[in-house]
Amino acid sequence: MMPEIPYKTYLAESEMPKAWYNVKAHMKGAHDPFLNPATRKPCAADELKRVFCDECVEQELNDADESIPIPDGILDFYKMFRPSPLVRAYFLERALDTPAEIYYKFEGNNTSGSHKLNSAAAQAYYAKAQGLKRITTETGAGQWGTALAMAAAFFGLELDVFMVKVSAEQKPHRREVIRTYGANVISSPSDTTAAGRKILAEFPETGGSLGCAISEAVEKAANTKSCRYVLGSVLDHVLLHQSVIGAECKAAFDKYGVAPDVIIGCCGGGSNFGGLIAPYMGDRLQGKNNIEFIGVEPASCPSLTRGKFAYDFCDSARITPLAKMYTLGCGFMPPSAHAGGLRYHGMSPIVSRLYNDGYIKAIAVEQKAVFDAAVTFAKCEGILPAPESSHAIRAAVDKALECKRTGEKKRILFGLTGTGYFDLAAYKKYNDGEMSDNVPTDADLQKGFDTIPII
């Protein structure tokens with residue numbers, strides 16, 4: 001018999017991964033290149049370096065090296081909160097009366113309350129090493145803005161955060177944490193940029209979107225001396241930094257000679273899910289396993305399950321490079337649901353390619369069902385999960401109940417990307433019975449599809 005994994009498994013500090021896992025090294029052709037928005041030709045490194053940090057661009061374009069060393073300065077930062085625990089959800093299993101084993105990788109053990117610090121630390125480190133004085137970014141639910149504010153303060157950088165308006169209104173305390181770390185927070189769309197003013201003129205009542213906030217952050221970076229734009233999801237180098245999650249999972253399971261049968265993650269821009277599955281997907285691409293990979297997105301913003309695989313802008317103002325990805329269209333305005341950071345119109349090019357090639361399954365779930373699962377998890381496991389993470393919980397619960405019906409004893413792993421203690425407005429809506437499901441119609445989606453420049 002295989003040994004039983006303890007309730008909580010921590011790796012020793014000496015066992016923490018010293019390198020990120022680059023899944024592109026095993027993808028056939030990686031994915032289609034980014035295109036210059038003006039010429040529609042593949043972006044050269046120098047073009048990308050006008051917007052992003054130099055080292056991040058080198059990582060973005062690296063599709064050859066499986067292992068990319070983590071610099072000592074980043075490893076030192078990681079030691080504040082890594083390795084993170086891999087937890088066996090015994091009480092959830094008991095409540096579901098399932099033969100399945102359920103595990104979660106908990107990324108909420110830091111002040112930002114999420115996995116976002118893994119890439120924030122790396123990108124702030126590279127910005128400082130490059131000699132930059134300032135960085136800009138967007139944030140949806142606020143986890144990324146909080147994480148980057150922490151990293152910017154640690155490495156001595158000034159930071160401007162464009163926070164999606166609806167999140168800034170729903171989460172004023174998250175905004176204050178970001179400000180406490182010294183960052184400047186601007187609700188987006190704003191009147192501080194040309195992109196923001198244009199979006200406000202066209203959609204005066206909008207609650208904003210990640211696409212809007214990206215446009216403003218990129219514009220601010222381009223017009224500010226000694227400044228670069230830093231992104232919290234979607235791009236390859238962000239997914240690379242998040243691969244530390246998957247690498248730690250694999251190391252912990254390997255200690256006991258076991259492996260998951262199913263890996264589940266929530267999907268907004270795709271970086272946390274991509275990082276969770278990276279080393280396992282690398283093995284899958286080499287024919288070494290047959291793991292079922294499931295990405296879970298909100299029914300309110302279903303880029304994988306109802307989107308189109310096409311070249312599209314990564315932002316709403318259409319100033320960023322074009323990426324080949326599953327997208328709802330850069331002009332898609334998501335409803336003001338409580339899906340937090342999962343309201344992005346597109347999806348990671350890596351995740352998109354893997355999904356298109358049949359290596360990943362995707363499902364979309366409605367928010368009331370998501371919060372049903374979140375509350376069940378909180379009562380069983382003692383952690384109030386973030387709405388984003390709760391999408392993965394929903395799918396993990398459903399998979400465990402499927403095992404109950406079939407009698408299969410599968411080992412299920414999901415990513416618990418963060419805590420929900422700044423999401424109490426959403427929980428209040430749920431507890432008061434006022435939460436509704438916002439699912440776009442085909443006509444709603446078509447408005448976004450009409451903005452895709454290359455089909």
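Analyst: Proline 189 sits in the loop that runs between strand 8 (184-188) and helix 9. Helices (H or I, at least four residues) and strands (E, at least two) are DSSP runs, numbered from the N terminus. The model is predicted: local features need pLDDT of at least 70 and side-chain atom pairs count only at pLDDT 80 or more, while totals for chains, interfaces and linings use all residues. Residues are numbered from 1 along each chain as its sequence is written, and side-chain values use heavy atoms, with hydrogens and water left out.

The bond between serine 188 and proline 189 is a cis peptide bond, with omega about 5°. Most residues other than glycine have a negative phi, and most peptide bonds are trans. Arginine 40 is not a glycine, yet has a positive phi of about 60°, and is in the loop between strand 2 (19-21) and helix 1. Aspartate 97, in the loop between helix 4 (90-96) and strand 5 (101-106), also has a positive phi, near 55°. Relative accessible area is 37% for arginine 40, which is partly exposed, and 53% for aspartate 97, which is exposed. The classes are buried under 20%, exposed over 50% and partly exposed in between (1.4 Å probe, protein chains only).

Next, the pockets. On a 1 Å grid over the protein atoms alone, a pocket is an open set of points where a 1.4 Å probe fits, with protein on both sides within 12 Å along at least five of seven lines; lining residues have an atom within 4 Å of a point. Volume is the space filled by probe spheres set on the points, which are joined across faces, edges and corners. The largest pocket holds about 380 Å³. Its lining has 17 residues, and Phe203, Gly331, Phe332, Met333 and Thr451 are nearest the centre. Helix 9 (194-202) and helix 18 (442-449) are the elements that each give two or more residues to this lining. By class, the lining has eight nonpolar, four polar and five charged residues (Ala, Val, Leu, Ile, Met, Phe, Trp, Tyr, Cys and Pro count as nonpolar, Asp, Glu, Lys and Arg as charged, and the others, Gly among them, as polar).

Lysine 308 lies over the face of phenylalanine 449, 4.7 Å from the ring centre. The criterion is NZ of Lys or CZ of Arg within 6 Å of the ring centre and within 35 degrees of the ring normal.

Aromatic pairs number 16 (rings of Phe, Tyr and Trp, its six-membered ring, with centres within 6.5 Å; planes under 30 degrees apart are stacked, over 60 edge-to-face and the rest tilted). Tyrosine 125 and phenylalanine 155 have ring centres 5.9 Å apart and planes at 75°, so this pair is edge-to-face. The two are 30 residues apart, with tyrosine 125 in helix 5 (residues 117-129) and phenylalanine 155 in helix 6 (residues 143-155). Tyrosine 125 is partly exposed at 24% relative accessibility, whereas phenylalanine 155 is buried at 12%.
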